Amino acid sequence: QVQLVESGGGLVQPGGSLRLSCAASRSIFSINIMGWYRQAPGKQREMVTLITSGGSTNYADSVKGRFAVSRDNAVNTVYLQMNSLKPEDTAVYYCHARIARVYWGQGTQVTVSS
C-alpha cells in the first residue's frame, strides 16, 4: 500500500515551465511502475508519462520533447518537469503507482493561460 501526494501545480503562461512532485508514503525502490496521468475538463483521464524502476520511460505523443519524468528513490519522490507549456496542457495531474493494484494521488491543478 502507498499514499501519493502531488504538489507543484499552478497557473503559468504559455511557453512557461512547471515542475510537479509526487511524494510517496513508503519506499518506491520496489515499485516497478510510477508516473503521471492528467484529466482535462470534460475529457477522460489520459496517460502522460510512465517510468519503471529501471528508469525506462514512456511518453504520450502530445508531450514528447517537452515533458520529462524522473524518480529519486532516496527521497521516495517522482517528478514531472514540464516545459514549453501549452493551453491544451491545462488539466488536473495525477500521480500513479502500480503495485498489487493501482494507486492515485489526489491531483494537482495545472492551468496554462495568458
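Predicted model: local features only at pLDDT ≥ 70, side-chain atom pairs only at ≥ 80, totals over all residues.

Modeller: Residues are numbered from 1 along each chain as its sequence is written, and side-chain values use heavy atoms, with hydrogens and water left out.

Biologist: Which strands stand at the edges of the open sheet of 4 strands?

Modeller: Strands here are DSSP runs of at least two residues, numbered from the N terminus, and two of them pair if DSSP finds at least two bridges between them. The open sheet has antiparallel pairing and the order E1-E3-E8-E7. One side of each edge strand is left without a neighbour in the sheet, because each has a single partner strand, and these edge strands are E1 (4–7) and E7 (67–72).

Biologist: How many bridges join E3 to E8?

Modeller: On its other pairing, E3 (residues 18–24) is joined to E1 by 4 bridges, and there Leu-4 has Ala-24 as its bridge partner. Towards E8, the residue Cys-22 stands opposite Val-78. E3 and E8 run antiparallel, and the number of bridges joining them is 6.

Biologist: Which residue takes a positive phi in the hairpin of E7 and E8?

Modeller: E7 and E8 run antiparallel and are joined by 6 bridges, with Val-69 opposite Leu-80. The hairpin has 4 residues between the strands, and the positive phi, near 55 degrees, belongs to Asn-76.

Biologist: Where is Thr-90 found, and which backbone nitrogen lies 2.9 Å from a polar atom of its side chain?

Modeller: Thr-90 is in the loop between strand E8 (77–82) and strand E9 (91–98). Its side chain makes a polar contact (a pair of N or O atoms within 3.5 Å; within protein, one must be able to donate a hydrogen and the other to accept it, and residues adjacent in sequence count only if both atoms are side-chain atoms), reaching the backbone oxygen of Pro-87 at 2.9 Å. Leaving aside residues up to four places away in sequence, Thr-90 touches Ala-40, Gln-109, Val-110, Thr-111 and Val-112, where contact means heavy atoms within 4.5 Å. The backbone nitrogen in question, 2.9 Å from a polar atom of the Thr-90 side chain, is that of Val-112.

Biologist: What is the angle between the planes of Tyr-37 and Trp-104?

Modeller: Rings of Phe, Tyr and Trp (its six-membered ring) pair if their centres lie within 6.5 Å, and planes under 30 degrees apart count as stacked, over 60 as edge-to-face and the rest as tilted. Tyr-37 lies in strand E4 (residues 33–39) and Trp-104 in strand E10 (residues 102–104), so the pair ties together parts that are 67 residues apart in sequence. The pair is edge-to-face with its centres 5.0 Å apart, and the angle between the planes is 85 degrees.

Biologist: Is Trp-104 buried, partly exposed or exposed?

Modeller: Buried means under 20% relative accessible area, exposed over 50% and partly exposed in between (1.4 Å probe, protein chains only). Tyr-37, at 15% relative accessibility, counts as buried, and so does Tyr-94 at 14%. Trp-104 has 35% relative accessibility and therefore counts as partly exposed.

Biologist: Which residue has its charged end over the ring of Trp-104?

Modeller: Tyr-37, Tyr-94 and Trp-104 form one aromatic cluster. A charge sits over a ring if NZ of Lys or CZ of Arg is within 6 Å of the ring centre and within 35 degrees of the ring normal. The residue over the face of Tyr-94, at 3.7 Å from the ring centre, is Arg-45, and the charged end over the ring of Trp-104, 4.5 Å from its centre, also belongs to Arg-45.
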